[in-house]
Amino acid sequence: MIPRHPPVFFASDLHGYGIGNTSWFDDMSPRALAGRCLLDALEYLCTAPKFAAKDWQLINANAARIVHQCLTDPALARHDIVDRVAPAIEEICAGIVASRQYCIPFYGDDYWDWASVVDALCEVQRVSRTAAKVARRELDQIRRTIQIRVPGELSTGDTAHEWFGPAVATRAYRLLDKRSPGFDADLRHELQAQALERIERGRYRGRQVTPWQIGWHYGQVVGEFQRAASEQAVELADFAWMAMPLEPGKRALVLARVLQGACAVKDRRTVLQALEELYRCETTARPFGQGIIGASVVASLDVLEALWPQLDQREKASLNAMLEALRFLHAKANTIGFLVERPEDIEGLIQAMGQGTLIEQRNAGRAIIRHPSFHAVICLGRSITEAASATALAVEEHGARWLIMPGQAHALGEALRHVSGGPHFSGAGPGALVIASSVAPFGIKSELQDALSVAEAPFSDGRSAIIPADPALHRLAHDAAETMLDEIGQFFEGQTVTRKGDCSDDAVLAAFPGALGADESAYVAGLICLSRSVPFLSIRMLADRAGHTPAAMTRNAACRLAVKIAETLGRRM
């Protein structure tokens with residue numbers, strides 16, 4: 001069985017698939033660090049389980065918000081990747097809203113968490129139906145609640161979980177200032193006053209603040225109010241808290257906020273020291289998605305949020321090289337296999353892939369393709385035995401995660417023409433395209449035994465085993481075909497049969513009534529894929545007994561549809 005879990009990638013994997021100079025990917029520089037954190041956030045967003053519990057609401061929301069902000073930045077403008085991650089963002093938003101709590105704070109542990117979640121819902125409205133539906137309501141709810149609680153403190157009273165301090169008022173201010181412009185002037189003034197209130201002797205508004213959290217609070221205050229928070233900026237330069245015993249994850253969170261504040265006021269010395277400490281914290285051998293310390297993505301999200309505004313347009317644009325390398329790693333780890341029976345079908349597939357397709361390797365029986373949307377291997381198998389070997393090669397050597405088999409099949413019936421209107425059934429004759437809902441064997445038991453090198457072919461009680469098409473692939477094919485009617489014409493869905501060339505149509509139809517076409521090798525490919533848990537689909541252009549299709553259908557519709565399916569799969573990787 002082939003594992004279907006998401007693949008894991010490391011920074012070292014990027015070098016083989018980046019375009020141009022990739023040595024800087026490992027640099028200890030703000031640009032490279034921001035790039036690695038962005039890849040962390042992307043991998044987390046796309047592959048990590050999206051738990052809906054309270055502890056995960058904040059992490060998931062921040063991942064969706066920060067990734068969306070970076071990818072839609074005009075300097076990067078990767079709307080193609082936004083489209084790919086949109087389902088993950090919608091999943092996050094739906095999970096967050098479904099787990100909404102019944103009392104204040106409605107999300108997370110405190111007002112800081114709540115404001116962060118609402119900010120994320122506002123940010124991703126264009127790509128999430130759930131966010132678009134609830135964002136305005138949630139923003140109004142938190143605004144009204146803050147207005148009621150201020151001039152008192154924005155605290156839940158849960159000292160065991162909330163990080164109470166000036167960053168809470170800062171986060172509320174930033175949310176309302178950005179998402180609700182023109183909000184009440186008195187409320188604005190009070191939130192700013194609370195945010196700029198100092199932590200004196202370890203206490204803020206009468207509440208104890210853990211010493212190592214002071215930098216976390218002040219970094220956000222300085223980042224938002226800059227010169228108005230000059231006294232707090234001075235304290236950011238004091239790294240004495242680093243001498244305290246502190247787990248790496250929390251240390252990285254504080255350093256990220258110190259960096260955020262120092263960058264805002266252009267305190268170069270503090271910026272460099274904070275970066276140096278972050279480089280020491282970073283686990284460079286981590287798998288992407290696990291965060292810079294290799295344990296949680298939270299630190300990477302905070303570092304990315306701190307660094308992103310400080311990068312210039314050119315530096316942001318250069319991160320496309322990292323994104324492309326990661327995208328191709330995903331494509332290669334999710335290789336799409338094509339199996340064909342005729343050499344001309346290799347060329348037909350390549351032509352259908354269009355411009356931007358790179359042929360990495362090609363010989364008489366195989367082609368390895370780098371398409372803008374996916375990575376593919378095309379293998380040739382002219383007979384049952386060759387098809388078995390080619391399928392095994394695609395799956396085992398090239399790691400094909402899906403196998404699509406476009407080609408021709410002999411039509412088992414004739415097209416039925418109708419002159420009257422209204423609903424009717426039209427038979428699938430030569431020139432029709434068939435998406436096989438299942439493949440069946442007829443009279444090929446000994447050939448299967450030879451091809452598979454087994455004592456017994458997979459039959460029970462002398463009866464043949466029908467192999468259904470993979471449901472997800474079949475659905476993709478149906479949806480794709482409906483959008484391509486002008487290119488491929490009418491299409492049918494039904495059973496095809498793999499048979500010997502000397503078997504009569506009548507004999508095949510007697511065994512499999514309603515079968516639409518007969519081919520020479522699809523069944524063995526489906527059988528091998530079934531044994532290895534690889535989704536399989538056969539697509540056939542029907543021809544007459546001599547192998548001819550009507551002149552109007554000389555275009556290779558089966559190859560066109562196969563490529564369309566692959567492009568859809570590629571967008572989902």
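Let's start with what "buried" means here: a residue is buried when its relative accessible area is under 20%, exposed when it is over 50%, and partly exposed in between, using a 1.4 Å probe and protein chains only. By that rule Asp40 is buried, because its relative accessibility is 0%. Keep in mind that this is a predicted model, where local features need pLDDT of at least 70, side-chain atom pairs count only at pLDDT 80 or more, and totals for chains, interfaces and linings use all residues. Residues are numbered from 1 along each chain as its sequence is written, and side-chain values use heavy atoms, with hydrogens and water left out.

Now for charges. Side chains of opposite charge can pair when their charged atoms come close. A salt bridge here is a side-chain nitrogen of Lys or Arg within 4 Å of a carboxyl oxygen of Asp or Glu, and the structure holds 36 of these salt bridges. One of them joins Asp40 to Arg286, at 2.8 Å from N to O. This pair links distant parts of the chain: Asp40 sits in helix α1 (residues 30-47), and Arg286 in the loop between α11 (268-281) and α12 (298-307), 246 residues apart. Helices (H or I, at least four residues) and strands (E, at least two) are DSSP runs, numbered from the N terminus. Arg286 counts as buried because its relative accessibility is 3%.

Another salt bridge brings Glu138 and Arg100 together, with their closest N and O atoms 2.8 Å apart. Here too the pair links distant parts of the chain, 38 residues apart: Glu138 is in helix α5 (residues 129-149), while Arg100 is in the loop between α3 (79-98) and α4 (111-123). Glu138 is buried at 0% relative accessible area, whereas Arg100 is partly exposed at 24%.

Next, have a look at Arg179, in helix α6 (residues 166-179). What does Arg179 form a salt bridge with? One partner is Asp119, the closest N and O atoms being 2.6 Å apart. Asp119 lies in helix α4 and Arg179 in helix α6, so the pair ties together parts that are 60 residues apart in sequence. Both Asp119 and Arg179 are buried. The side chain of Arg179 also makes a polar contact of 2.9 Å with that of Glu123. (A polar contact is a pair of N or O atoms within 3.5 Å; within protein, one must be able to donate a hydrogen and the other to accept it, and residues adjacent in sequence count only if both atoms are side-chain atoms.) Arg179, Asp119 and Glu123 belong to a network of salt bridges that also links Arg65, Arg171, Arg257, Asp302 and Glu305.

On to the rings. A pair of aromatic rings is described by the distance of the centres and the angle of the planes. Rings of Phe, Tyr and Trp (its six-membered ring) pair if their centres lie within 6.5 Å; planes under 30 degrees apart count as stacked, over 60 as edge-to-face and the rest as tilted. The count comes to nine aromatic pairs. In one of them, Trp24 and Phe25 have ring centres 4.8 Å apart and planes at 85 degrees, so the pair is edge-to-face. Both Trp24 and Phe25 are buried.
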